[in-house]
Amino acid sequence: MIPGGGQPNMQQLLQQAQKMQQDLAKAQEELARTEVDGQSGGGLVKATVTGSGELRALVIDPKAVDPEDTETLADLVVAAVQAANENAQNLQQQKLGPLAQGLGGGGGIPGLPF
């Protein structure tokens, strides 16, 4: 119900939507620059991804390298990247969650994992 029975101020609504869009773009840029880590094997393999999920670095301790067992190393790499991506998703939710809710509530934004 609009007080006084009037129509909502469309200019004000458009300005609010534009500001929210700018805030969202700024948060997405910040995520792309922020790096988060994940590890596996007690730190034998460490992966670094950006807040937007781009793999930036992979560090493998020489103790994890066994030429006779590359399968375990591959599993450690996958687990480290998955852990880093989970941390990136948590960061996305912290940074973008409130903005996403403001742009349509609960349903999320197309292209984002929440």
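This is a predicted model: local features need pLDDT of at least 70, side-chain atom pairs count only at pLDDT 80 or more; totals for chains, interfaces and linings use all residues.
How many helices and how many strands make up the secondary structure of this chain? The answer is two helices and three strands, where helices (H or I, at least four residues) and strands (E, at least two) are DSSP runs numbered from the N terminus.

Residues are numbered from 1 along each chain as its sequence is written, and side-chain values use heavy atoms, with hydrogens and water left out.

Let's take confidence next. The pLDDT, the predictor's confidence in each residue from 0 to 100, averages 83 over the chain, and 79% of the residues score at least 70.

Now to the start of the fold. UniProt, in an unreviewed entry, places the feature "coiled-coil region" at residues 10–37; its positions are given here in the numbering used for this chain, feature names are shortened, and annotations may be inferred rather than shown by experiment. In the model, that span is 86% helix and 11% strand, and its end C-alpha atoms lie 44 Å apart.

Then come the strands, which pair if DSSP finds at least two bridges between them. Strand β1 (residues 35–40) and β2 pair in the antiparallel sense over six bridges, and Gln39 stands opposite Lys46 in β2. Four residues lie between the strands of this hairpin, where Gly41 takes a positive phi near 60 degrees. β2 also pairs with β3, again in the antiparallel sense, over five bridges, and here Val45 stands opposite Ile60 in β3. The hairpin of β2 and β3 has four residues between its strands too, and Gly53 takes a positive phi near 95 degrees.

How much of β2 is covered? Five of its six residues are buried, where buried means under 20% relative accessible area, exposed over 50%, and partly exposed in between (1.4 Å probe, protein chains only). Across the 114 residues of the chain, 25% count as buried.

That leads us to the largest nonpolar core, which has 17 residues. Such a core is a set of buried Ala, Val, Leu, Ile, Met, Phe, Trp, Tyr and Cys residues joined through side-chain atoms within 4.5 Å. Among the residues with the most contacts inside this core are Val45, Ala47, Leu73 and Leu96. α1 (10–33), β2 (45–50) and α2 (70–102) each supply at least two of its residues, and the largest share, nine residues, comes from α2.

A polar atom of the Gln92 side chain lies 3.0 Å from the backbone oxygen of Gly51. Thr72 is also placed in α2, but with a relative accessible area of 38% Thr72 is partly exposed. The side chains of Thr72 and Asp69 are joined by a polar contact of 2.5 Å, meaning a pair of N or O atoms within 3.5 Å; within protein, one must be able to donate a hydrogen and the other to accept it, and residues adjacent in sequence count only if both atoms are side-chain atoms.
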